[in-house]
Amino acid sequence: MYPEEEKILILDFGSQYTQLIARRARELKVYCEIAPYNISAEAVLCHNPAGLILSGGPSSVYAKDAPVLEPELFDLGIPVLGICYGLQLMMHMLGGEVQPASKREYGRAAVEILDYEDLFKGFESDGPLTVWMSHSDHVVAAGGFTVLAATSHAPITAVADRRRRLYGVQFHPEVVHTQRGAELLRNFLIEVCRCAADWSMQSFAEEAVREIRSQIGSGQVVCGLSGGIDSSVAAALVHRAVGDQLTCIYVDHGFMRKGESEQVVDTFGRQFKMNLLHVDARQQFLDKLFGVTDPEQKRKIIGNQFIRVFEAEASKLGDVDFLVQGTLYPDVIESGTAQASVIKSHHNVGGLPEDIKFSLVEPLRALFKDEVRKLAKELGLPDEITYRHPFPGPGLAIRVIGEVSRERLDILREVDAIAVEEIWRAGEYRNIWQAFAVLTDTRTVGVMGDERTYDYVAAIRAVTSEDGMTADWARVPYELLEAISRRVMNEVKGINRVVYDISSKPPATIEWE
C-alpha cells in the first residue's frame with residue numbers, strides 16, 4: 001500500500017477497536033496498515049515499519065489456541081506498543097506472567113502515572129488519568145521492564161523496556177473515553193518511533209498515482225463507475241495517473257436512485273471528459289434476481305453479473321487487463337478477513353467470481369470513508385459528489401426487502417427521493433452520514449379516502465458515523481420525519497405506513513440487507 005517511506009504496522013488480534021488504532025494514527029499524520037497477528041518476522045521486515053502496535057483481542061493468553069506472535073518480532077529492533085491483549089501477550093512471551101484478576105476492569109478507570117517519560121511525556125500536571133479498560137487478567141512484568149502506571153485493581157497498567165523500545169498499556173488509548181489517549185499514541189509514534197508525521201491526503205495521492213502507474217504500465221484499464229464517492233474518487237485517481245488509458249463503464253443495473261443515471265453520464269462524460277461507456281443492463285439484472293429473496297445471494301448475483309458485463313464491454317475495447325474498484329477498508333473487514341468473520345459480502349469483495357479475468361486496481365482499499373472524502377477534495381471533485389451519502393454497489397436491490405421487481409423498485413425510488421429532498425430542505429443532509437429509504441416486504445392495513453388499503457411499509461434510515469465501522473441513529477427533528485411521512489403517503493401509491501429505524505451499528509448494520 002501507500003506510502004512506502006514510513007509506516008506503522010498494526011497487528012490485529014481481533015479487537016473491536018483495531019480500526020480505531022489505525023484511524024488515530026492517521027489523524028496524527030502517520031500512515032499505518034493493519035496486518036494479521038501471525039505475520040512472519042520476514043514479512044514485517046519487508047514492510048520496513050517504523051513501529052509495531054499489537055492490538056487488543058478477546059482471548060486470554062493462557063487459553064487453548066490463543067493467538068501468538070513469532071518471538072523473533074521482539075528482536076527486530078523495531079519499537080513495539082502492546083495494547084490490552086497485546087501487552088499481556090508481550091509479558092507472557094518475554095518471561096512475565098498473566099493471571100486472572102481478582103477484580104475485572106471494564107469501562108472507565110483512574111490511572112496513577114508513575115513515570116513521565118516516553119508514553120506519558122507532558123502528562124505531569126494532570127494527576128490521575130481517566131482511561132477505558134476492558135480486561136479480566138492482569139500482568140506481572142517481565143525482566144527489564146519498568147512500571148509506568150497503575151490502577152487500584154491493576155498494579156501494572158503500563159510498562160516500558162526502554163533498551164529494546166518495547167512498551168505496553170492495559171487500557172485502550174485509541175477510544176475517545178481515554179483521556180489524552182491520542183497524545184499517548186502520539187508520544188509512541190513521534191517520541192519513540194521517530195515518525196515524521198507528515199502523511200496527508202496529498203502525499204497519499206502522489207504515492208497512489210506512482211503506484212498505479214507502476215501497476216498498470218502501458219496497459220488498458222476499465223473502471224466500474226457508479227457515481228458514488230468511492231468509485232468516483234478511484235476513477236479520478238486512476239485518470240490522473242494514466243489518463244486516456246482508462247475507460248469508465250457505467251452499468252445501469254436498474255437499481256439506481258431517481259435521476260442518478262442521468263447525473264453520472266453528465267458529470268463524468270461531459271464535465272470531466274473521461275472515456276465513458278453507458279450500458280443499459282436493467283433487464284439483465286432483473287432477470288438474474290427473479291425469485292431471489294436472500295440478501296447474500298442478491299449481493300453475490302449482482303457482483304457476478306457486474307463482472308460479466310464488464311468483461312463483455314471491455315472485450316469490445318481490445319486488450320484490457322485491469323479493473324478499477326472503489327473498495328474501502330470497511331468493505332474488506334465486513335466481507336471477512338483472518339480476524340473478522342463475514343458480516344455481509346460486498347459486491348466488490350466477497351461477491352467477486354473466482355474466475356475473474358481482470359487484475360484489480362484498488363487504490364482506496366486502505367482508506368476509511370471520511371478519508372476518501374478528504375481525497376476527493378484533494379482531487380478537485382465537486383461537493384455534490386464529495387458529500388454524497390454512501391450508496392451500496394447493489395443499489396436499491398438490497399433496499400427492497402425480499403424479491404426485487406420493477407414495480408417495487410419504482411415505489412422505493414419515489415420514497416427515497418422524497419426523503420432525501422426533505423432532508424436537504426431541512427438543512428440536515430450534511431449532519432447525517434447516510435440516509436435512505438427501505439421498502440419492506442411487510443404489508444399493513446390502512447385507511448385512505450374512507451377505503452381500506454393493504455399496502456407496504458416504508459422505513460427511513462438515517463445514521464451518524466465517522467467511518468461506517470460503527471454508527472448511531474440520527475436524532476433528526478420530528479418535524480422532518482413528519483414531512484417525509486406525510487409526503488410519502490400522499491404521493492407514493494403502494495405505501496400506507498412509514499417507520500423510522502432507531503437501531504445502532506452494532507448490533508444492526510447500516511443497510512438492512
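Strands are DSSP runs of E at least two residues long, numbered from the N terminus, and in this predicted model one of them, β18, spans 495-500 and is followed by a segment in which Pro506 is found.

- Most residues other than glycine have a negative phi, and most peptide bonds are trans.
- The peptide bond that leads from Lys505 to Pro506 is cis, with omega near -10°, and Pro506 belongs to the segment after β18.
- The peptide bond from Pro506 to Pro507 is cis, with omega near 10°, and Pro507 likewise lies in the segment after β18.
- Arg165 is not a glycine, yet its phi is positive, at about 60°, and this residue sits in the loop that joins β8 (158-161) to β9 (166-169).

- Helix α6 (residues 229-242) packs with helix α11 (residues 369-379) at an angle of about 45°, and the two axes are 10 Å apart.
- On the α6 side the contact is made by Ile229, Asp230, Val233, Ala236, Leu237 and Arg240, while α11 contributes Lys369, Val372, Arg373, Leu375, Ala376, Glu378 and Leu379.
- Sorted by class, the residues in this contact of α6 with α11 are eight nonpolar and five charged, with no polar ones.
- Helix α5 (residues 201-216) also packs with α11, here at an angle of about 80° and with the axes 9 Å apart.
- Since angles of 65 to 115 degrees count as roughly perpendicular, α5 and α11 are described as roughly perpendicular to each other.
- Met201, Gln202, Phe204 and Ala205 of α5 meet Glu371, Lys374, Leu375 and Glu378 of α11, and the residues of this contact divide into four nonpolar, one polar and three charged.

**Helices α13 and α14**

- Helix α13 (residues 406-425) and helix α14 (residues 478-491) cross at roughly 150°, and their axes come within 9 Å.
- Angles over 145 degrees count as roughly antiparallel, and α13 and α14 are therefore roughly antiparallel to each other, with α13 passing α14 in a right-handed crossing.
- From α13, the residues Val415, Ile418, Ala419, Glu421, Glu422, Ile423 and Arg425 meet Leu480, Ala483, Ile484, Arg487, Val488 and Glu491 from α14.
- This contact of α13 with α14 has eight nonpolar and five charged residues, and no polar residue.

- Rolling a probe the size of a water molecule over the atoms shows where empty space is left.
- The count of cavities of 30 Å³ or more comes to two, and the second largest cavity has a volume of about 40 Å³.
- The second largest cavity is lined by Gly227, Gln263, Val264, Thr267, Phe268, Ile385 and Arg388, and helix α7 (residues 260-271) gives the most to this lining, with four residues.
- By class, the lining of the second largest cavity holds three nonpolar, three polar and one charged residue.

How values were computed
Residues are numbered from 1 along each chain as its sequence is written. This is a predicted model: local features need pLDDT of at least 70, side-chain atom pairs count only at pLDDT 80 or more; totals for chains, interfaces and linings use all residues. Side-chain values use heavy atoms; hydrogens and water are left out. Axes are lines fitted to C-alpha atoms, for helices over the stretch in contact, and angles run from 0 to 180 degrees between N-to-C directions. Contact means heavy atoms within 4.5 Å. Ala, Val, Leu, Ile, Met, Phe, Trp, Tyr, Cys and Pro count as nonpolar, Asp, Glu, Lys and Arg as charged, and the others, Gly among them, as polar. On a 1 Å grid over the protein atoms alone, a cavity is a set of points where a 1.4 Å probe fits but cannot get out, and a pocket is an open set with protein on both sides within 12 Å along at least five of seven lines; lining residues have an atom within 4 Å of a point. Grid points are joined across faces, edges and corners, and a volume is the space filled by probe spheres set on the points. Angles under 35 degrees count as roughly parallel, over 145 as roughly antiparallel, 65 to 115 as roughly perpendicular and the rest as oblique. A crossing is left-handed if the near helix is turned anticlockwise from the far one by less than a right angle, and right-handed if clockwise.
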